[in-house]
Amino acid sequence: MDEYESVIIEVTGINTNTSKDTLENYFSSSKRGGDIVNIEYIKGSGNALITFANAEDAKKALETSQHSLEGSTLTLTRRKKVEISENDKVFVEGISKKTTEDCLKFYMERLSDSDVKDIKYGHAKSSESVNAIVTFHSPIDFDKIQADFKKKPTLEGKHISIKAVPLCKTILVKNLPATATDDSVSLSFESKRAGGGEVERVDLDLEKKIALVKFEDPNVIDKVLSVKQILDNTTLSVERYYSILGSLADLQLKEQETANATRRKAPIPKPRQRKPTGFTEDIDCKVKLTDQSMEELSRPETRKEIKGKMYCNEHSGMELKVYCETCDQLICRDCMDFKHVKQNHSCVLVKDVVNNYKEQLASNNKAMEDALTEGNAFVQRLTLTIEQLDQDAENIKTEIVQRKEFVVKKVIEMLDQNAETLFNKVDELHKEKRANLDRQAEESKLCVENIKTSVQLSKKLVDQGTEEEVISSQKMMLDNANNLLTKREEYFKASIPVVKLSYTSSTGKEPIIKRRDFERTGQQFRRSQ
C-alpha cells in the first residue's frame with residue numbers, strides 16, 4: 001500500500017517574499033502542475049502544502065525536473081498519509097481467555113466513562129489470550145483513555161495493551177459462487193452499481209466461499225453495505241471487517257475453532273423411555289429453567305440458544321406461551337391441553353408470570369437501592385471518623401511542639417527526647433487504629449460495589465430482559481440479592497470503633513498522653529450527628 005497522499009505535495013525552499021497568489025499561479029500552470037484545490041501557506045515561512053484537484057496534476061508537479069521561483073530553488077515531496085482512527089472503538093490486545101465479556105465491558109466503561117455497545121473478538125494469538133474491538137455508543141476521547149490505562153495496564157492480573165482502531169477499509173464477503181476469482185470480485189466491488197470504489201487488494205478463499213476486500217477509500221464502505229451485492233447470480237453476504245483483528249488465515253482459523261467447539265458441545269441424544277399404557281407419549285417441547293448466571297445469559301451464543309427454544313419442537317409453529325408452575329417449564333398451548341391439564345398441573349400465561357417476577361425484582365431493587373444508600377452513608381461516616389483521627393494526631397503533635405517551645409530554654413535536651421517519645425507513641429496509636437478503620441472501610445466499600453453491580457444487572461434484566469431470561473434468571477438474582485442483604489447487617493450496621501486522642505500537659509515532670517477508647521454502635525453514632 002502507498003503510504004503517501006496522491007494529491008498533496010509539500011513545497012520547501014520558498015523565498016520569504018513570495019506571496020500565496022504567486023505560488024498558486026506558478027503551480028496552476030499546466031506545464032508545472034494543474035488545478036489547485038487548496039494551499040496552506042504563510043508568507044515568510046518558506047513551506048507550503050498544496051492540494052491538487054487530481055493525482056495526475058500532483059504527479060506532473062513532482063516529475064518536473066527543477067522548480068525555480070523568484071530566485072529560490074523549490075523542493076517538492078509527497079506528503080505522508082495521516083492514518084485516521086475510528087472515534088468510537090478501541091482495540092484491546094492480550095486479554096486472558098478466562099476474562100468474561102462482562103468483565104471486559106465494565107473495565108472499558110470505567111476507563112472511558114461511556115457505555116459499551118458491542119465487543120467483537122478476533123482470532124486467539126496464543127492459547128492464553130485473545131484480542132477484541134470494543135465499540136461504544138458514542139465518540140470517545142482515546143488520549144484520555146490511554147492516559148488512564150497507563151496507570152493500571154492490567155485486567156484480572158494480566159497485562160494488556162490498547163490501540164486506536166484504524167478507519168475501516170475492508171469488508172468480509174461471504175457466500176461467494178464457485179466461479180469467483182480475485183479479478184471478478186475486485187471488478188464487482190469497483191462498479192458503480194455496487195456503490196464501491198477502487199479496490200486495493202482481494203484475499204479469496206473459495207473453499208470457504210469467503211473473501212476480504214480492501215478499498216483505497218474508506219468512505220465507500222457504507223455505500224457498499226447499503227446495496228444488495230450479487231455476483232454471478234449469487235446474492236452475497238457483506239459486513240465490515242477490521243484488519244487489526246487478523247488476516248484471512250486468522251479468520252479461517254477462528255471459524256475452524258468455532259466449528260470444532262460446536263462439534264465438541266453437540267449433545268448426546270438420550271434414549272426415550274417407554275411410558276405405561278394409558279399415558280400419552282412424552283412431548284419434547286418444553287424448556288427446563290435453570291439458574292444460569294448473568295455472564296452466561298449475556299453471551300450471544302447463549303441468547304441465541306434460548307431464543308431458539310421459543311417454539312415447540314413437537315407442535316410445529318406453536319409458541320411457548322404457557323408456564324407450568326408444577327413442572328417449572330415453558331410449554332405450548334397444545335402441550336397444556338394434551339398433557340399438563342390432564343394431570344391437574346398449575347399452568348399460567350408466560351406474560352402473567354413474567355409480570356409477577358418483574359414486580360418481585362422491582363421490589364427487590366428498591367430494597368437493594370436502600371441498602372446501597374445506607375452503605376454509602378456508612379462508608380462516609382467511616383471516612384469522617386478516619387479524618388477526625390488524622391486531625392487528632394496532628395493536633396496532639398502541634399500541642400507537643402508548643403509545650404516544647406515553652407520550656408525550651410530550661411530543659412531543651414530533655415524536652416527534645418520526651419517530644420520524640422511522644423511523637424512515636426502518637427504515631428503508634430494512630431497507625432494501629434487507622435489500620436483497623438481502613439480494613440473496615442475497604443470491606444464495606446467492596447460490599448457496596450457488589451450491591452451496585454447486582455442492582456445494575458437486575459435493572460437491566462427488568463428493562464431489557466426477554467421473558468425467558470427473566471424466568472431463567474430471577475431465582476439467581478433474588479438469591480444473590482438476599483445474600484447481599486444478609487451481609488448488609490454484618491457490614492453496614494457494625495460498630496465503628498471511635499478513637500479520641502488528646503494531649504494533657506501535666507504540672508509535674510513531663511507531659512503525658514491520655515488515650516480514651518470507646519465504641520458507639522452505628523445507630524448511636526448517627527444520633528450523635
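A salt bridge is a side-chain nitrogen of Lys or Arg within 4 Å of a carboxyl oxygen of Asp or Glu. By this rule the structure, a predicted model, holds 17 salt bridges. One of them joins the side chains of Arg434 and Asp390, with 3.1 Å from N to O.

**Salt bridges**

- The Arg434 and Asp390 pair links distant parts of the chain, since the two residues are 44 residues apart.
- Arg434 sits in helix 12, and Asp390 sits in helix 11.
- Arg434 has 26% relative accessibility, so Arg434 counts as partly exposed.
- Asp390 is also partly exposed, at 25% relative accessibility.
- Arg201 and Asp203 form another salt bridge, at 2.8 Å from N to O.
- Arg201 is partly exposed at 47% relative accessibility, and Asp203 is partly exposed at 23%.
- A salt bridge at 3.9 Å, N to O, connects the side chains of Glu432 and Lys433.
- Glu432 is partly exposed, with a relative accessible area of 38%.
- Lys433 counts as buried because its relative accessibility is 17%, and buried means under 20%.
- Asp113, Lys144, Asp148 and Lys151 belong to one network, joined by salt bridges that share partners.

**Helix 11 and helix 12**

- Helix 11 spans residues 350-406, and helix 12 spans residues 408-464.
- These helices pack at an angle of about 170°, with axes 9 Å apart.
- Helix 11 is therefore roughly antiparallel to helix 12, as angles over 145 degrees count that way.
- The contact between helix 11 and helix 12 has 27 nonpolar, nine polar and 15 charged residues.

- Four strands make an open sheet in the order 7-8-6-11, with antiparallel pairing.
- Strand 7 (116-121) and strand 11 (161-166) are the edge strands, and each pairs on one side only.
- From one strand to the next, the twist averages 30°.
- Strand 6 (residues 85-96) pairs with strand 8 (residues 129-136) over six bridges, in the antiparallel sense.
- Ile95 has Val130 in strand 8 as its bridge partner.

**Helices on the sheet**

- Helix 3 (residues 101-112) packs on the sheet and touches strand 6, strand 7 and strand 8.
- The direction of helix 3 makes about 130° with that of strand 7.
- Helix 4 (residues 142-151) lies across strand 6 and strand 11.
- Helix 4 runs at about 165° to strand 11.

Note on methods. Residues numbered from 1 in each chain as written. Predicted model: local features only at pLDDT ≥ 70, side-chain atom pairs only at ≥ 80, totals over all residues. Heavy atoms only, no water. Pairing = 2+ DSSP bridges. Axes fitted to C-alpha atoms, helices over the stretch in contact; angles between N-to-C directions. Contact = heavy atoms within 4.5 Å. Parallel < 35°, antiparallel > 145°, perpendicular 65-115°, else oblique. Nonpolar A, V, L, I, M, F, W, Y, C, P; charged D, E, K, R; others polar. Buried < 20%, exposed > 50% of the residue type's maximum accessible area, 1.4 Å probe, protein only.
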